[in-house]
Each structure stands twice: as structure tokens, then as C-alpha cells.
Amino acid sequence: MNVFDVVVVVCGVLLTLGALLAIVRAEKGPSMLDRTVALDIVVTTMIAAIALYAAYYRRADVVPLLVVLSLVGFVGSVTVARFAAVEPEGEGRVRTREEVAAEEAEKRRLEQEEEEARRRRRRAAEDAATADAAAAPEPAVDETVAPSARETVEKTPDDEHHGGPADEETR
Amino acid sequence: MSQDTWGTVADVASIVCLLGGAFFAFAAGVGALRFPDLLSRMHAGTKPQVLGLILVLIGLALRLREGGAVWALLLVAIFQMLTAPVAAHMVGRAGFRTGKVRNDLLVVDELSRDLGETRPGRTSEDA
């Protein structure tokens, strides 16, 4: 075993330990940005490990890999930082299976309630419309809008169709 | 001295650089795990990390000793030095704006002070 073998083993152990510690930090969080920083460290450690491999076997052909990886790591952390939002307390934790199931059930229940309420409202509106039609058969026409455009004019634009507001985005 | 001696010198230098770089990468991992808040973890993820990577790349360049490969390694080092500050700046800014910075650990907080001056009534919490 020559000197360089020993050096490569020592460096490999150090790099592996560093990457493992960073992965532990990525698992613990507590926020998305902490994870981004930790994963950035993992990517850079990977670049160092590939460089170590290239140094051991004297291979110059893996050098382009290093260029590509260094760019990929940058794009990842910048993207996550750009879309970082305010997270409620405890949100960044990795949830257990039971917690996820309870959350899903709650969401489904809320959706059903909303659907029920919407249906009830629509039925009430239909009843009112038939009552109105019996009372006044000719609906008033808005004269400020050209006749050809009347069909397309909405009374109130609803959130769903114009995209809605961007919630909690960091600018 | 002969060509062979210079080769040995370069190999020894590359061994030193590789060991130093691996140590700094390890230090970055330890820092990321042990530091208390986002900004100090970011410090561990940028400064020792970039220095460690550059040392490893110097070690690799001394070992390869080929023109083309060395230029590509220089490119990697320049990319790292350009992108690490940008990424760290964006992470720090997003962290500050979304309240992930622990104010009790800050020695100087000029951003909160300036924000308080320009927009009275606002604190660092909703900056």
C-alpha cells in the first residue's frame, strides 16, 4: 500500500463524514432554507469526491462532470431561495404516516363541506331566479356594453379565472 | 533537478492539498450540523466549503498536470467563487424576510435598523 492509497482513504472518510453530517442537517431542517444549505454542502462534497477519484486514477476525462455539478448545485439553491415563503411553526418537520393520513382526511372533509355549501347556494339561487322570472319576464340590459360583447361580460370576475393572488410569495 | 523529482514534488503538494480540502469539507459538514441558526449554517456552507473545494481542485490539478484539464478545473473554481456568494446572499435574504434569523444571536443588525428608519412602525418581524 503506497502513500497515496492511505491519503485517498483518509480523504474519502473525511468527505463521507462531512456529507453524512450535512444529510443529517437536511433531515432535521427545521426550515426549507436550512435544507437547501445542507444539500448545497452535499453537492460540493460530491464534487470533491469525484475530484479525489480523478486524482487517484489520474483520469482527466471526469473533469467536465465537476463543471456540470458545480452549476447544478447553484441553480438548486437559488431556485429554492427564490420561492421561500413564511412557514408556520412545525411546518418544516418531516411528518409521520399517521399525521399525513389525518391531514388528508381533514382536507377531504373540508372539501366535501364546501361542495355541499356550494350546491345549497346554487339551489337557492335557482329558486330565486324562477321566482324573479315569474315576477319580471324581461331582464334589464346594460346599454353601455356593445350588443355583440354582452355575452362575454362577466358580472364579477372570480378568483379562479384570473389566477388569484400569489400567496405569501417573497419578493 | 530532473523531471522525475519535480513530479514527486507535485505529488506531495497534491497530497497536502487533497488532505486539507477534505478536512475543510468535513468541517463544513460539522458546521452545518452543529451551528444554531440559518445564517451561521450558511457560513459553514459557503466559506470553508469553497476553500475546501478549491484545495481539492488544486490537488487534482497538481496530480493531473495536463493543460486542458487544469483549465477546466480553474473554470470550476471560478464558478464556485462566483455562485457561492450569490446563492448565500439569496438564502440569507429569503431567511431574513421570512423570519428564520435568530435576532438574539446577531451582533449587528443594520438591515432591521435601516428598515425601521425608512418605514416607521415596522419591525424586523414583518420586514
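**Notes on the two-chain model**

1. Helix 3 of chain A, residues 63–82, has 20 residues and reaches 30 Å from its first C-alpha to its last, close to the 28 Å expected at 1.5 Å a residue. The model is predicted, and local features are taken up at pLDDT of at least 70.

2. The buried residues of this helix 3 of chain A are A:V63, A:L66, A:V67, A:L69, A:S70, A:G73, A:S77, A:V78 and A:A81. What do they pack against? Their partners are helix 2 (32–57) of chain A, together with helix 2 (38–64) and helix 3 (67–97) of chain B.

3. Helix 3 of chain B can be checked for length in the same manner. Its 31 residues should span 45 Å at 1.5 Å a residue, and the end C-alpha atoms are 46 Å apart, which agrees. Just after this helix of chain B, B:G99 takes a positive phi of about 70°.

4. On the interface: 50 residues of chain A are in contact with 47 residues of chain B. The size of an interface is often given as the accessible area lost when the parts come together. For chain B and chain A that figure is about 4100 Å², with 77% of it on carbon and sulfur atoms.

5. How many polar links go with this area between chain B and chain A? The count is 8 residue pairs in polar contact, both residues being at pLDDT 80 or more. On the side of chain B that touches chain A, helix 1 (3–34), helix 2 and helix 3 of chain B each supply at least two residues. Helix 3 of chain B gives the largest share of that side, 16 residues. By class, the side of chain B that touches chain A has 31 nonpolar, 8 polar and 8 charged residues.

6. Salt bridges between chain B and chain A number 2. In one salt bridge, the side chains of B:D11 and A:R58 meet at 3.3 Å, N to O. B:D11 and A:R58 also belong to a network of salt bridges that links them with B:R63 and B:R65.

7. Most residues other than glycine have a negative phi, and most peptide bonds are trans. A:R58 has a positive phi, near 50°, and its place is in the loop between helix 2 and helix 3 of chain A. Phi of B:R65 is also positive, near 55°, and B:R65 is found in the loop between helix 2 and helix 3 of chain B.

8. B:R65 counts as partly exposed at 41% relative accessibility.

9. Over all chains, the count comes to 11 salt bridges. Side chains of opposite charge can pair when their charged atoms come close. Helix 4 (residues 97–135) of chain A holds both A:E113 and A:R109, which lie 4 residues apart, about one turn of the helix. A:E113 forms a salt bridge with A:R109, the closest N and O atoms being 2.8 Å apart. A:E113 is partly exposed at 46% relative accessibility, and A:R109 is partly exposed at 39%.

10. A:E114 and A:R118 also both lie in helix 4 of chain A, 4 residues apart. Their side chains meet in a salt bridge at 3.4 Å, N to O. With relative accessibility of 49%, A:E114 counts as partly exposed; A:R118 counts as partly exposed at 36%.

11. A:R119 forms a salt bridge with A:E115, where the closest N and O atoms are 3.6 Å apart. Which spacing goes with this pair? A:R119 and A:E115 are separated by about one helical turn because they are 4 residues apart in helix 4 of chain A. An α-helix has 3.6 residues a turn, so residues three or four places apart point the same way. A:R119 is partly exposed at 38% relative accessibility, and A:E115 is partly exposed with a relative accessible area of 32%.

Notes. Residues numbered from 1 in each chain as written. Chains lettered and ligands numbered in written order. Heavy atoms only, no water. Expected span 1.5 Å × (residues − 1). Buried < 20%, exposed > 50% of the residue type's maximum accessible area, 1.4 Å probe, protein only. Contact = heavy atoms within 4.5 Å. Buried area = accessible area lost by both parts, 1.4 Å probe. Salt bridge = Lys/Arg side-chain N within 4 Å of Asp/Glu carboxyl O. Polar contact = N/O pair within 3.5 Å; in protein donor to acceptor, adjacent residues only side chain to side chain. Nonpolar A, V, L, I, M, F, W, Y, C, P; charged D, E, K, R; others polar.
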